[in-house]
Amino acid sequence: MAFDLRQAEQVDLLVPGMSCAGCMRKIEARLAETGGVEHARANLSGHRVAVKIDPALTTAQALVEALADAGYDARPFDPSLHGAARADAEGRDLLLRLGVAGFAAMNVMLLSISVWSGADAATRDLLHWISALIALPAMAYAGMPFFRSAGAALKGGRLNMDVPISLAIILAGVSSVIETTRSGEHAYFDAGIMLIFFLLIGRYLDHRTRASARSAAAELTAMTGRQALRVGDDGQRRLCPVEDLAPGMTIAVAPGERIPADGVILRGSTDLDRSLVTGESRPEGADVGAEIHAGMLNLTGPIDVRIRATGDDTLLAEIARMVDAAQRGRGRYDRLADQAARVYAPGVHALGALAFIGWFWASGDVLVALGIATAMLIITCPCALGLAIPTVHTVTTSRLFKAGIFIKDGTELERLAQVDLVAFDKTGTLTDGKPRLSDAPDRDSVEWALAASLARHSRHPASKAIADAAGEGVDVPITDIREIPGHGVEGRIDGATVRLGRPSWVGATEPCDVAVSTAAGHVAGFRFAESVRPDVPETIARLRQMGCDVAILSGDNAPAVAEVANTAGIDETYATLLPGEKLALLDNWAARGRRVLMVGDGLNDSPALAAAHASMSPSTAADVSKTAAGLVFTGESLAPVADALEVARAARRRSLESFGIAAVYNACAIPLALAGFVTPLIAALAMSGSSILVVLNALRLRKS
């Protein structure tokens, strides 16, 4: 049956067991096979899946059952149940299990030291039984994240890193219990609990890395607060939940409060922190008639606001949706650890099985074979691999943060390290984003008055420059005003269309940056000048030294782009590009194997930022652009672009070095384990040593 787009609705599912890009592909493929599903997109950071369905053909419960058949527990996502207040429940749970494993490991090791010191016979058996009483419950509790993940993988007919980990933990516990009941000399409770302890360190670090980028959307929606002070028709003021607000109502906002809805100031004047919308943190004055948005901060004076939009219709909600969409798109990239897991896990199983079969055939003793197979699984346990990427990302994120660079997704580092071409937007990125009017029609002309009136209805920097130059004294009555992204602003006067914007759109024949057309058909042009950021030439030179090509992708006219390119030292330029043309250019580069870093700040750059291999925006960018970008940098300097690329490449080197450490370790340890020279305890100690080396290697990023 064909999918009916008119009946389409979105269902959001929470899938806690989604842990890698491979999981995302399997989940999306399984849902795509379900009748009534138009498409499904997974968000790894939030463990969520957005599914577009025809409710006449399927339900949320059917989707949950489809994922259950694939080995994934899922449930409908409810923001009130899974919001910011409970967003870190997984982290607290991991930290608690880590504490239990660490406490148990210390105590079991103390008992093991007594055994190693010479305790034998009944004393040794007693110490082993006490170790079992401590270790087994701790292993069952602390190891549950690995057991759940492995069980879900096996149920879905697949393998992941947690399958060999779980086998190693279980075999260590089983062989130790058997050895203890036989009054044997060796029990490996200490090895099993130490294994869990080190693995949980890696799992917790990975969680913290994801949590740093998780749910920017949830943080945005939390900016409106929970209650508002509604002003009734009788003038009385009453507290009400934000959810009860509706367009047309009037609310009072005191200094220090967040604006809970989009609207217009009816009474009062104040200073506002508009950084949510404009990216500019400096306070701006706002008087009666000023348009304000949910999430802005009222700084100085009490105001009454007439509501225009609430809830999902606010600009804040739109930004939150774009953040979520951007995270879903970028989460599809395979991390190095995910790529390694697809090769590593089957190999570990094969080696463990060979060790057991070979030694059972050679010795005829199942316990000997079980012990060596256990040692093999422990010594080849992917603890170092599990620690490598999270540790590198944690250290790198901290270093970038101190440099004023904020990263939203750990995979962005790996994409950034692969970049070989950097594409810059011009205005607001290479330049200071503050165009100054250098040439304009006569101040007493109709064209000037019309341009000033239209400019007040646009947030484009050129429009702002015209409006600022005109001041408050010029106002032409224009109706049906609307802004057309990538073109400009248009309205109507006595039935005739008037426009301000791109010269080709307006119909200008003379060279100019922006043109205005009157109701009578007259066209006049405006020219602007802007300053290039002071360190642009130096930054471009650094990027070239790192082997990157550099280009400018701009919507401005060719002369303006050429002027900035000459100052910056950039040869490859593209001017007068619409958003779709920027996308086409990026697609063309990608088809030729280029890995592009897009750096932009405007609303029209957001599609390109989302589509590029990696992307950055300055903190002064439009919010939509910042949400589409993978990294955001602060300050007036452009140097953070080169700094981020440099750090990302260093992080990739450290990650590959950590994989190399793990490979060398395994190359040395596996033959010894297969030969029977390694006990499970020695295997656990060796595994711990390789994990410590990986962590120390990652910490080198702090100074490199």
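Predicted model: local features only at pLDDT ≥ 70, side-chain atom pairs only at ≥ 80, totals over all residues.
Asp494 counts as exposed, at 83% relative accessibility. In this talk, buried means under 20% relative accessible area, exposed means over 50%, and partly exposed lies in between, with a 1.4 Å probe and protein chains only. Asp494 is found in the loop between β18 (488-493) and β19 (496-501). Helices (H or I, at least four residues) and strands (E, at least two) are DSSP runs, numbered from the N terminus. The phi of Asp494 is near 50°, a positive value in a residue other than glycine. As background, most residues other than glycine have a negative phi.

Residues are numbered from 1 along each chain as its sequence is written, and side-chain values use heavy atoms, with hydrogens and water left out.

Thr576 also deserves mention here. Thr576 is not a glycine, although its phi is positive, at about 55°. Its place is the loop between β23 (572-574) and α21 (579-591). Thr576 counts as partly exposed, at 42% relative accessibility.

I turn now to the aromatic residues. How many aromatic pairs does the structure hold? The structure holds three. Rings of Phe, Tyr and Trp (its six-membered ring) pair if their centres lie within 6.5 Å; planes under 30 degrees apart count as stacked, over 60 as edge-to-face and the rest as tilted. One of the pairs joins Phe356 and Phe360, whose ring centres are 6.2 Å apart and whose planes are at 0°, so this pair is stacked. Both residues lie in helix α11 (residues 336-363), four residues apart, which is about one turn of the helix. Phe356 is partly exposed at 29% relative accessibility, and Phe360 is partly exposed at 39%.

Trp448 and Phe526 form a tilted aromatic pair, with 5.9 Å from centre to centre and 40° between the planes. Trp448 belongs to helix α16 (residues 446-455) and Phe526 to strand β21 (residues 523-529), so the pair ties together parts that are 78 residues apart in sequence. Are these two residues buried or exposed? Trp448 is buried, and Phe526 is buried as well.

A further ring takes part in a contact with a charge. The charged end of Arg97 sits over the ring of Tyr141, at 4.4 Å from the ring centre. The criterion is that NZ of Lys or CZ of Arg is within 6 Å of the ring centre and within 35 degrees of the ring normal.

Helix α16, which holds Trp448, packs against helix α17 (residues 461-470) at an angle of about 120°, with the axes 8 Å apart. Axes are lines fitted to C-alpha atoms, for helices over the stretch in contact, and angles run from 0 to 180 degrees between N-to-C directions. α16 and α17 are therefore oblique to each other. Angles under 35 degrees count as roughly parallel, over 145 as roughly antiparallel, 65 to 115 as roughly perpendicular and the rest as oblique. α16 passes α17 in a left-handed crossing. A crossing is left-handed if the near helix is turned anticlockwise from the far one by less than a right angle, and right-handed if clockwise.

Helix α5 (residues 144-155) and helix α6 (residues 162-181) pack at about 125°, with their axes 8 Å apart. That angle makes α5 oblique to α6. α5 passes α6 in a left-handed crossing.

Leu195, in helix α7 (residues 189-213), is buried, with a relative accessible area of 0%. Between Leu195 and Ala683 there are 9.5 Å in space, C-alpha to C-alpha, and 488 residues in sequence. Ala138, in helix α4 (residues 121-142), counts as buried at 6% relative accessibility. Ala138 and Ile196 are 9.4 Å apart in space, C-alpha to C-alpha, and 58 residues apart in sequence. Ser112, in helix α3 (residues 89-116), is buried, with a relative accessible area of 7%.

Finally, the cysteines. How many disulfides does a search of the whole structure find? It finds zero disulfides, a disulfide being a pair of cysteine sulfur atoms within 2.5 Å. Cys240 is buried, with a relative accessible area of 11%, and Cys548 is buried, with 3%.
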